[in-house]
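Biologist: Please show me the model, and then I will ask about it piece by piece.

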Amino acid sequence: MRGQGCTVWDATGRPYLDLLAGTWCNVLGYGHPRWVEAIQRQTAKLAHVGAHFPTEEVDEALSKLGEILPPALNRAVFLNTGSEAVELALKMARTATGADGIVVIEKGYYGATTYALSLSEAGRAAPYLPRLGTVHRLPAPTCRRCPAGRSWPCDGFACLDHLRTLANGGKGRIAAVLYEPVMAVGGVIVPPPGYGVRLHELATRCGALLIAEEVTTGLGRTGRWFGFEHDGLVPDILVIGKAIGAGLPVSAVVTTQAVEAECQPILRHVQSHQNDPFSGRIAATVISILQEEHLVQRAAEQGAYLLKGLKELSSKYAWLWDVRGRGLMLGVELEGKRAAEGTATFRRLLDRGFIVDYKPQTATFRLFPPYVISTQEIDRFLAAFEDALRAQ
Ligand SMILES: Cc1ncc(COP(=O)(O)O)c(C=O)c1O
């Protein structure tokens, strides 16, 4: 296989337009020349040296993060995968607060490692996973199908009732609330306005830290640098993955000086590739490219264009029950009774050379293309999608 821009070619030379950016990672598309050059130069210079040596590459990545983050979030460590970064964020929250409870949202996905998966919907019933500490699960903010049967607009946020009860019980039991600004794996669930701020307020009343889990939403995917910006809040801990490596395994945990100070004497997290100069070079390069090529703005614009096209399709095909998303993180949900037909539509799209994702469990097509996708490529996809829907 090989890739260029938004296209991958299979072993037989057949091209596919990739509207998933790999596993939502290749935000610059395939083979971006500046990314390739930075990798080549850095591997020749110094890929790995051990986390105890400070390097200019990590310093540069820290200062690039400083350019795009609120000033309070000024402590960071670079790791490899999103799952690992979530694990560290959880350890930090438990250390800093001295509490063990974690609040998660149903339908959430936080990673494949033991603790992260045990908190995720996907690992909820897995018999091979240990349960670590107390876990509280809040219903997902799926307003069109409100778990409490309310209709939008709703100012009560019944999906937060359990957290309200926890907050009324005082501080000391909950270490963290894990929040995805847009829930990716759960089916591109966009919380309603005001949700994030209330979540943060209630977390603080519990004495808990708000962890913004931005493995998928971070670094421009939603059309802003970070998903929490849409919600008008600054989290206590931020987890970044996928986009920061643009196809290579880089992740980061960012926090405040105050949280770091609480963790410093107790928490140890050391692994072989922590703060590698290679990771630092990639993170710094990816942020520079996103800045200089205005790709976050582009994700917002191309996302709006794709969303508009999908909404036009949903006005023609009533079984496209909901079209939603932010930036280039979009979902098209089918009517529940036609969920199985989505798989056939997905196959048809693949046969026509378009890579999207469809899960019958959520009845939702997911589209998370590279930020460099062109208007012509979007038009080509929309025409193929309509064709595949018509054949249904
Ligand atoms: C929201 C979210 N969190 C965490 C992860 C895990 O990241 P990784 O696969 O890099 O470990 C994913 C992966 O899809 C994700 O979507």
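What follows is a set of questions and answers on this structure.

Biologist: What should I know about the source and the numbering?
Modeller: This is a predicted model, in which local features need pLDDT of at least 70, side-chain atom pairs count only at pLDDT 80 or more, and totals for chains, interfaces and linings use all residues. Residues are numbered from 1 along each chain as its sequence is written.

Biologist: How many helices and strands does the chain have?
Modeller: Helices (H or I, at least four residues) and strands (E, at least two) are DSSP runs, numbered from the N terminus. By that count, the chain has 12 helices and 15 strands.

Biologist: Which radius of gyration does the chain have, and what does the globule rule give?
Modeller: The radius is taken over C-alpha atoms, and the rule is 2.2 Å times the number of residues to the power 0.38. For 392 residues the rule gives 21 Å, so the chain is as compact as a globular protein of that length, with a radius of gyration of 21 Å.

Biologist: What percentage of the residues in the chain is buried?
Modeller: A residue is buried if 20 or more other C-beta atoms lie within 10 Å of its own, exposed if 12 or fewer, and partly exposed in between, with C-beta atoms placed from the backbone. Of the 392 residues in the chain, the buried ones make up 49%.

Biologist: Is α4 largely enclosed or exposed, and how many of its residues are buried?
Modeller: From its first C-alpha to its last, α4 reaches 23 Å, close to the 22 Å expected at 1.5 Å a residue; the expected span is 1.5 Å times one less than the number of residues. The helix is largely enclosed by the rest of the structure, because the buried residues number 14 of the 16.

Biologist: Which elements do the buried residues of α12 pack against?
Modeller: The buried residues of α12 are Glu-377, Ile-378, Phe-381, Phe-385, Ala-388 and Leu-389. They cover an arc of only 105° around the axis, which puts them on the same side of α12; the arc is that of the directions from the helix axis to the C-beta atoms. Thr-375, Gln-376, Ala-383 and Arg-390 are exposed on the other side. The buried residues pack against β3 (15-18), α10 (295-316), α11 (341-351) and β13 (354-355).

Biologist: Is Trp-24 buried or exposed?
Modeller: Trp-24 lies in helix α1 (residues 21-24). Its phi is near 70°, a positive value in a residue other than glycine. With 23 other C-beta atoms within 10 Å, Trp-24 is buried.

Biologist: And His-294, buried or exposed?
Modeller: His-294 lies in the loop between α9 (277-292) and α10. It has a positive phi of about 50° although it is not a glycine. His-294 has 12 C-beta neighbours inside 10 Å, so it counts as exposed.

Note on methods: Contact = placed C-beta atoms within 7 Å.
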